[in-house]
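User: I would like to learn how to read a model of this kind. Please take me through it feature by feature.

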Amino acid sequence: MSTIKARTDHPLVDTTEPNLLEQTFDYNLPPKIVFDGPIIEHIDGKPVEFDPVAAVQRDIFITDTTFRDGQQARPPYTVEQMVHLYDLLAKLGGPNGIIRQTEFFLYTKNDRETLDRCRELGHQFPECTGWIRAVKGDFRLVKEAGLKETGMLTSSSDYHIFNKLKFKSRKACMDSYCEVVDAAFEAGVRPRCHREDVTRADWDGFIMPFVDRLMRMSEQVPDELSVKIRICDTMGFGISYPGVELPRSIPKMIYKLNQECGVPSDRLEWHGHNDFHKTHINGASAWLYGCDALNGTLFGFGERCGNPPVEGAIIEYISLKGDLCGIRTEVISEMADYMRSIGLPIPDNYPLVGKHFNTTRAGIHAGGLRSDERIYNIFDTTKLLNRPPRVALTDKSGTDGVVHWINEFFGLKKDDRISKIKCHKVARWVMDQYEVHGRMTAISDEELETQVQELMPVYWKKHRS
Amino acid sequence: MATVDERVVAVTARVLKIETSEIKPQDDFTADLGAESVQSIELVAMFEEEFGIEMEEDAALAVSTVGSAVEYITEVCKEQGVEV
């Protein structure tokens, strides 16, 4: 590919009217993801086509593990906190159950009280499910809690089988797991096998034979009890793009389970980790390759580097579907505020909810915002997230930055906006902070408010009274 | 009474902190006289104050030289009935 055989001419398409590509970048929604062809992966020497358009038409959804994996990364939530977050998850996911399930520990009195209180809220979604060890006795807890489904650990790599769980052989391990699955069937509980560490496991030698056996076992029970498979990329080794070998290839893993072992998409779930900055895209790719469920946590809080962020999955979902589908995106901001209020740090530059996620500092960018906020804002963040685009003022903000801040502060739109000329005294004060006083920090909203009151008294009286 | 030229030069000297003798009609506010972004805005604001006029922001900021500022301000004064 390094040799260019012939150059193709690309004639300029001149126009005096801008083409803002609004079919994709409809400002009222997160930008649409539009596919223009299949994804090709070579599996066992043959090209396999994945049709992303068909994938998006499936009933893909999000599952949540904020109270399980999310809680393994922080001090325990209180019962009240979990109940409130559950309520917000229900609002965020909406009546169509885009956030379809969330899982709970069942071991302590607090765990069980939380589950009861969440169910008392009466939300249809997210459905409450359990999480237990692969221990037969634990099904008593699931049954007592009245849950229809529970996750159970079925770790899959030899790191876990031999070095952690100390099984003598893979067969002994598989037999043990299958006994627990049988116990689930007997208890009338649907088992969701969490195949831990699949991205370091022997697919031909263990993963697929085990899934084959689970599928045979599932044929003996009613559909509603048939085994679900959670594909757990425990260490974040999974790779989303084609051309990678197993066990790290996400397309190959999902294809094998879906097309060779025959696990339907609605019984496949992806659970990732962010150790290599891949967690969100790996999860989204799993949807395209054949998993219906993408498992995540609020704001990605989870073991070590975290999990796919649920709010990121929500935006991805809307981008893929091209519709809100009943999702209430503004709840994302409410959740972030709540998380901050209970002491969970969210970095300022964190997408969608960080303090500065839609704040621009450079004056030239603020100039763009001043003339058309779409130029430097990802979508209508005021409408979808209750977060108008902001400018933070530093020596790089320029007059445009100051003017944008003042107009946003007064809430002025279009023709009502105050011109640069009328803001010159505040702009001078800002510049002097750096040029005369040698300031090294950004200017706070409170400081600027004081200056606007003092230096623009007429406007202050008009717009703040 | 000072002429429009003299008043424009005086305001320019005050805002940019230079001597009036250094300012020539053909001088570009930015390239020759060193006006920075905020100073360009201050110049327009001070011209408005000096002459008691309101200038259209984009048009005023598009004026690049001292001589063209004199012409533009004279025209705006005329339009707004301000005697100069």
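User: How many helices and strands are there in chain A?

Analyst: This is a predicted model. Chain A has 17 helices and 12 strands. Its C-alpha atoms fill a box of roughly 80 × 70 × 40 Å along the principal axes, and 42% of the 465 residues are buried.

User: Which domains does the domain assignment give for chain A?

Analyst: The assignment gives domain 1, covering 39–341, and domain 2, covering 361–464. Taken over C-alpha atoms, the centres of the two domains are separated by 45 Å. Their contact takes 4 residues from domain 1 of chain A and 4 residues from domain 2 of chain A. On the domain 1 side, the touching residues are 1 nonpolar, 2 polar and 1 charged.

User: Now helix packing. How are two packed helices described?

Analyst: The description uses the angle between the axes and the distance between them. Here, take helix 2 (residues 79–93) and helix 11 (residues 330–341) of chain A: their axes come within 9 Å and cross at roughly 165°. An angle over 145 degrees counts as roughly antiparallel, and helix 2 and helix 11 of chain A are therefore roughly antiparallel to each other. The crossing is left-handed.

User: Which residues of helix 2 and helix 11 of chain A make the contact?

Analyst: Helix 2 of chain A contributes His84(A), Leu88(A), Lys91(A) and Leu92(A). From helix 11 of chain A come Val331(A), Ile332(A), Glu334(A), Met335(A) and Tyr338(A). By class, the residues of this contact are 6 nonpolar, 1 polar and 2 charged.

Technical notes. Residues are numbered from 1 along each chain as its sequence is written. Chains are lettered from A and ligands numbered from 1 in the order in which they are written. This is a predicted model: local features need pLDDT of at least 70, side-chain atom pairs count only at pLDDT 80 or more; totals for chains, interfaces and linings use all residues. Axes are lines fitted to C-alpha atoms, for helices over the stretch in contact, and angles run from 0 to 180 degrees between N-to-C directions. Helices (H or I, at least four residues) and strands (E, at least two) are DSSP runs, numbered from the N terminus. Angles under 35 degrees count as roughly parallel, over 145 as roughly antiparallel, 65 to 115 as roughly perpendicular and the rest as oblique. A crossing is left-handed if the near helix is turned anticlockwise from the far one by less than a right angle, and right-handed if clockwise. Two residues are in contact if their C-beta atoms, placed from the backbone, lie within 7 Å. Ala, Val, Leu, Ile, Met, Phe, Trp, Tyr, Cys and Pro count as nonpolar, Asp, Glu, Lys and Arg as charged, and the others, Gly among them, as polar. Domain bounds come from an automatic or database domain assignment. A residue is buried if 20 or more other C-beta atoms lie within 10 Å of its own, exposed if 12 or fewer, and partly exposed in between; C-beta atoms are placed from the backbone.
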